[in-house]
Amino acid sequence: MNVNQSAPPVPPFGQPQPVYPGYHQSSYGGQPGSTAPPTPCGSYNGPVPGYQQTPHPGVSRAPPSSGALPSSTAQVPCGQGAYGQFGQGDVQNGPSSTVQMQRFPGSQPFGSAPLAPVVSQPTVLQPYGPPPTSAQVTAQLAGMQISGAVASAPHPSGLGYGPPTSLASASGSFPNSGLYGSYPQGQAPPLSQAQGHSGAHPPQRSAPQQASSFTPPASGGPRMPSVTGPLLQGQSFGGPPVSQPNHVSSPPPQALHPGTQMTGPPGPPPPMHSSQQPGYQLQQNGSFGPARGPQPNYGSPYPGAPPFSSQSGPQPLPPKRLDPDAIPSPIQVIEDDRNNRGSEPFVTGVRGQVPPLVTTNFLVKDQGNASPRYIRCTSYNIPCTSDMAKQAQVPLAAVIKPLAKLPPEEVSPYIVDHGESGPLRCNRCKAYMCPFMQFIEGGRRFQCCFCSCINDVPPQYFQHLDHTGKRVDAYDRPELYLGSYEFLATVDYCKNNKFPSPPAFIFMIDVSYNAIRSGLVRLLCEELKSLVDFLPREGGAEESAIRVGFVTYNKVLHFYNVKSSLAQPQMMVVSDVADMFVPLLDGFLVNVNESRAVITSLLDQIPEMFADTRETETVFAPVIQAGMEALKAAECAGKLFLFHTSLPIAEAPGKLKNRDDRKLINTDKEKTLFQPQTGVYQTLAKECVAQGCCVDLFLFPNQYVDVATLSVVPQLTGGSVYKYACFQVENDQERFVSDLRRDVQKVVGFDAVMRVRTSTGIRAVDFFGAFYMSNTTDVELAGLDGDKTVTVEFKHDDRLNEENGALLQCALLYTSCAGQRRLRIHNLALNCCTQLADLYRNCETDTLINYMAKFAYRGVLNSPVKTVRDTLITQCAQILACYRKNCASPSSAGQLILPECMKLLPVYLNCVLKSDVLQPGAEVTTDDRAYVRVLVTSMDVAETNVFFYPRLLPLTKSPIESTTEPPAVRASEERLSNGDIYLLENGLNLFIWVGASVQQGVVQSLFSVSSFSQITSGLSILPVLDNPLSKKVRGLIDSLRAQRSRYMKLIVVKQEDKLEMLFKHFLVEDKSLSGGASYVDFLCHMHKEIRQLLS
């Protein structure tokens, strides 16, 4: 498609449009375009030489947000035609700039069965006339052509977004991950949804009209009968490439009702009236009712396009396709939650209430349950019996972030000091005093809420009860009325029964040839001079209690004496790396203020000392060993900051070899790529945890460094891994320095142990995250910061009681930055249910996906990736099938019915399945996959949410003077308009995509160049310009970076540029180059799986 052409105007929203009977839509349905010159990169979104073609998938219900598609009068890019447009009254993420979507009268004279009602909750659908019967509906939807450009009229039993979502489908087939053949005229795949599954891909340009039969891919779900039909462009004769798991061919098509045939291109929708059925207007969110006007925050449709009459010639009808706007939209759900729950504070006093989504900004008032910033659960109403839990298959898990940073408006947990007696606990189960403990016998005893044991209240803790049985001092004691608080620990909670010393930081710098040549060492030393003044400190302390030390290394290690009494630092070399020891104690770990002059002198000298080095080999394990031994000798906990550049191949313990082998991908041996290649590092990590030595690793590789092995110690000690491939100071300085500053300054708990206690009936059985476990209950963390989470799975070991509910208590024992031993306690009460509907009504999909991703990412260590993927799909199908069978109102088997709070489960799960760890593209390295696996393992719910489903923000649609963040649009290529600029972020990456037809003034304001062609592709810093647009965009980028735990490096991508492939990788609703299904296809596949389970 030629993206440089201007787009046709859009008729005003909300009024029925006339049919334009004969205008020519060039390049649609295989006819050559009259106006579109060939594009330099293959068709836009069409097959690109050297890549497997990825037609773009469906889109979903959209919130206020962008619209204009990157399309033009002549052609519609693959994946854009119909479903980027609005039908009557429905809005596609904002005004559209292009052809309107044509909707056909979808009625068909089948028998009159009663309409399939949609599920238990009240529905928000408002049909104007009598609803179609379910038989009509299913038949009508069965007549939808998936790959075509037009969607037929949807019917009202669809996705009302209040009640459970129902998508009617006559077959639920999951055609070949989007490579759907066009069916012979008059036939369509029997796939339908109430409002249709959005079709995966509109016809591609000049598709060769040859028939071929699909063969199912080599791997994936159950095989289905093959279908003949014309090929789409970019599709090979044998069906899709065999590397596409969980995609299966469509079943034989059913006949399309003749009444749905229409001529004309996919233009403005015709008036939707037919003899059998009144027309309904499909709204943006998939429900029916009055037509909507333009969305808030956006002006009128994209201006300046030629009238429809400029297109000439008759055009055969493109095959019909399903409407992506009719399937659940993450953007709409996020927007609705913000509108409904963002204004009121979330008060935690009520048991088992589901908090607002992580994407909503809200204040928390702690009234007895821990804030959702500390604990989020997959369900807040858990089944009373294990049989019920097994039936539903919904994992019962909590994502716990014990040291989460709170916004300034919220109060940090109070610190309670009980003196020498220490915190009050249950004698039997050792749970700590909390608001759920029941005081009895006038306050002289209390009954434990976890194990029901009766305990005496110590005399110094005694207090009378009021007439309700509550202690009269309940509101004076944080542990009796708050969900989260801290106790000062007594000496009994300390190692060797003595209070800890303040922790230490040791900076260990690789000074091999690569590190010196790239400019890393000079940059790092310069930064450390000022950074040592910003070490974490407690409360109002004037200076940090943390001491610092410095080591440099290549094949040998250099320790530095920076004692304050020295005029110059002294270097000591340890060349026996096989038997590591620390050559000095006094003068190695020092107070920054006392030794400032010597430290500055050392950091000035290091780059000069090694400037002429020719040493390319490095060691790694001995470096960690040295740091740990230094902390042991100083009798303190601490953190090692390692800056490392290459695979450690020098002769030493932990020596590694290059074992990178892409041929193992998709084989049973693929799991070895994620496993460490030697056991040395696990042993070392165990010693580090015992010493309270946490390791943060900064990697600067130019080639394979075996992240899977090098990350073992950071992972098991609660540390972090940062990776800067092909580091160049000019390009990566800002990102590295920003990450380093944040990492050094963040508050850390050292030498920590965490235990999760539960009330009788459930227990913690499995744990995910960056930590070490030497037994089945204690999570040991050499270090724990405010970004790290521990995910805990629970299972039943007895029957639960609806009246009492279930309780969790997370207790974290740690040493603060000042060397104080503390206990942080978080309590949470959940409801219990005997009805499955109550379970499904109180689930949290974002937390569920966080758990499932971690479960899968751990699974790849021991199982083939395909097995892991299939396990996820099966579990998701079982969850939804159980809901359909037990909770939904009876309805036609052809409907896909999703629980209201799980309607995004398919789209999010598909994003996990398509992620680089589970389905890598050709450009993804083994190290990248291992790195992402490590990152996701300790991500919180907000981070996994944006990581798997990136935010796509239109920058040029909302008014320039608006100070709020622009409303997001769905992560699909169809939502891009070539006249606009978009910003995409996923917590690690930040892209600005510039459409080829962006107005010259906008380009000038943002990039300080006069035209699109002069913008530098790959630009990583926007020029600082004094105009409203430049200020607004730079301000938005700064605010997004501030929200994330890692600095997101910016990449500017131009439409049709080679970098666009990288950008499109993050448009997760579309089919991926690596064979991942589009959202639409995956929804079809899930439907098929559910129907198989039900039958």
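Reply: This is a predicted model. Start with helix H6, residues 520–531, and helix H7, residues 596–609. Their axes lie 9 Å apart, and the packing angle is about 175°. An angle over 145 degrees counts as roughly antiparallel, so H6 is roughly antiparallel to H7. On the H6 side, the contact uses Val 521, Arg 522, Cys 525, Leu 528 and Lys 529. H7 answers with Thr 600, Leu 603, Asp 604, Ile 606, Pro 607 and Glu 608. By class, this H6 and H7 contact has six nonpolar, one polar and four charged residues.

Now take helix H14, residues 845–859, and helix H18, residues 941–948. Their axes cross at roughly 80° and come within 9 Å. H14 and H18 are therefore roughly perpendicular to each other. H14 brings Asp 846, Thr 847, Ile 849, Asn 850, Ala 853 and Tyr 857 to the contact. H18 brings Val 941, Thr 944, Asn 945 and Phe 948. Here the classes are five nonpolar, four polar and one charged.

Next, the loop between helix H13 (836–841) and H14. Glu 844 lies there. Glu 844 is buried, because its relative accessible area is 2% and the cut-off for buried is under 20%. What does the side chain of Glu 844 join through a polar contact? The partner is the side chain of Arg 376, at 2.4 Å. Leaving out residues up to four places away in sequence, Glu 844 touches Val 354, Pro 355, Pro 356 and Leu 357, along with Arg 376, Cys 377, Thr 378 and Tyr 380.

Conventions:
Residues numbered from 1 in each chain as written. Predicted model: local features only at pLDDT ≥ 70, side-chain atom pairs only at ≥ 80, totals over all residues. Heavy atoms only, no water. Axes fitted to C-alpha atoms, helices over the stretch in contact; angles between N-to-C directions. Helix = DSSP H or I, 4+ residues; strand = E, 2+ residues; numbered from the N terminus. Parallel < 35°, antiparallel > 145°, perpendicular 65-115°, else oblique. Contact = heavy atoms within 4.5 Å. Nonpolar A, V, L, I, M, F, W, Y, C, P; charged D, E, K, R; others polar. Buried < 20%, exposed > 50% of the residue type's maximum accessible area, 1.4 Å probe, protein only. Polar contact = N/O pair within 3.5 Å; in protein donor to acceptor, adjacent residues only side chain to side chain.
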